[in-house]
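Hi there,

Here is the structure I promised to pass on.

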Amino acid sequence: MTAAPLSSPRSELGHFLRTRRARLRPSEVGLPEGGRRRTPGLRREEVAQLADVGASWYTWLEQGRDIQVSEAVLERLSSALRLAAAERSYLFELAQGRSPRPIAATPPIVSPLLSGTIEAHRHPAIVSTLRWDVVAMNGPALKLWGDLRGTNALRNLFLGKGPPLVTVEREAHARNLVARFRSEAARASVHEQFQELADELKAGSPEFRRLWTQHDLDAEPEGTKIVDVPGAGHIELAHVTLMHVEPDARTLRVLFYSPVGPESARRMARALAER
C-alpha cells in the first residue's frame, strides 16, 4: 500500500487558518454574534475584515494557493486570530519558511519551570540567548562568578564589559565561543541583532576580529574546561549545552556545569561554602 504524500506547507497553512478561526466566537473579537451559523467560529470574511485584507484574497490563502504573504499581513492575521506565541511562529514557518521577528526585546527573565530546573542543579547553570546574552543563573553560578545577568558573554570576554568566565585555556575558549556565535548568526531569523554585535566586537577587539575572519564553525556544545576561581584555584568542569524553547517561543541556551574528579569537586564545594 502506497503511503499518502505529505501535505504541502500551503495546504497545511490553509488547514491551520481554518482551525484557528473555527475556535473563535465573534464576541471574542469584538464582532456581533449575528444569526445562525452553519459552521462554528468566525466566517472567512470576518477574519479578512479583522486582518484588513480582501475577502477573496483570504479565501485563496485558506485554499492553499501560492500567493505572496507579507510579514505585515501575517502579523495582522496573528492578531485577528488571537494566536499564541508558538502558533504565531508556526504561521510564519508555513507561510514564509522562517520564524517571525520577536515581538519585543528579549526580556531578562525565564519561565518559572526553567528557573526551578536550573536551581535544582547543585552545580553552576547559566541560561543565555542564542547570541550569548545572559538571562538567568542559578545560586552556585552566582556564587562562583558573580551576577552576569544582563551582560553578554562575548562583550565580557573581548571588550571587558563585565567579568568574564576566566578559563585557563583562553584561546580555545574564545575560539569556541566565536565559532558558536557565528553558527547561530547564520541560522538566526533576526540576523541584524547578531550583525550589530559582531560589528561592535570587530571594532573594539583585535582578538575577536582575528577569530571572526577565520570563519571557524567547529564549535563544541559539550566538553570540559578549566576555570580559575579566586580562592579555590583551578577547577575542571564538564559542560553540557541544552536548547530550551520557552512558552513565548524564545529559544534559550542552558549550560549545565559539573566538576570533573574528586579534587575539582572538593575545590568547588570549598569555593561555594566560602561565598
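Trp 145 and Tyr 257 are both buried, where buried stands for under 20% relative accessible area, exposed for over 50%, and partly exposed for what lies in between (1.4 Å probe, protein chains only). Please keep in mind that this is a predicted model, in which local features need pLDDT of at least 70 and side-chain atom pairs count only at pLDDT 80 or more, while totals for chains, interfaces and linings use all residues. Residues are numbered from 1 along each chain as its sequence is written, and side-chain values use heavy atoms, with hydrogens and water left out.

Now to the rings. Rings of Phe, Tyr and Trp (for Trp, its six-membered ring) are taken as a pair if their centres lie within 6.5 Å; planes under 30 degrees apart count as stacked, over 60 as edge-to-face and the rest as tilted. By this rule the count comes to six aromatic pairs. Trp 145 and Tyr 257 form an edge-to-face pair, 5.4 Å centre to centre with 70° between the planes. This pair links distant parts of the chain, with Trp 145 in helix 7 (residues 139–145) and Tyr 257 in strand 5 (residues 251–259), 112 residues apart. Helices (H or I, at least four residues) and strands (E, at least two) are DSSP runs numbered from the N terminus.

Phe 181 and Trp 212 form a tilted pair, with 5.7 Å between centres and 50° between planes. Phe 181 lies in helix 9 (residues 170–187) and Trp 212 in helix 11 (residues 206–213), so the pair ties together parts that are 31 residues apart in sequence. Phe 181 counts as buried because its relative accessibility is 0%, and Trp 212 counts as buried at 11%. Ring pairs also link Phe 158, Phe 181, Phe 194, Phe 208 and Trp 212 into a cluster.

Two arginines may interest you as well. A charge sits over a ring if NZ of Lys or CZ of Arg is within 6 Å of the ring centre and within 35 degrees of the ring normal. Arg 182 lies over the face of Trp 212, 3.8 Å from the ring centre. The charged end of Arg 253 sits over the ring of Trp 132, also with 3.8 Å to the centre.

Trp 132 is found in the loop between strand 1 (125–128) and strand 2 (134–137), and it counts as buried because its relative accessible area is 6%. His 215 is another non-glycine residue with positive phi, near 55°. The loop between helix 11 and strand 3 (222–229) holds His 215, which is exposed, with a relative accessible area of 51%.

Next, helix 5 (residues 85–96). The twelve residues of helix 5 reach 16 Å from first C-alpha to last, close to the 16 Å expected at 1.5 Å a residue; the expected span is 1.5 Å times one less than the number of residues. Its buried residues are Glu 87, Arg 88, Ser 89, Leu 91, Phe 92, Leu 94 and Ala 95. Their cover includes helix 1 (9–22) and helix 4 (71–80), and contact here means heavy atoms within 4.5 Å. After helix 5 comes Gly 97, with a positive phi near 70°.

Is Leu 42 buried or exposed? Leu 42 counts as buried because its relative accessibility is 1%. Its place is in the loop between helix 1 and helix 2 (44–51). Leaving aside neighbours within four places in sequence, Leu 42 has contacts that include Arg 21, Leu 24, Val 29 and Leu 50.

Finally, the chain as a whole. The protein chain has twelve helices and five strands. Its radius of gyration is 24 Å, whereas a compact globule of 275 residues would have one near 19 Å; the radius is taken over C-alpha atoms, and the globule rule is 2.2 Å times the number of residues to the power 0.38. The C-alpha atoms fill a box of roughly 75 × 50 × 40 Å along the principal axes. Of the 275 residues, 42% count as buried.

Best wishes
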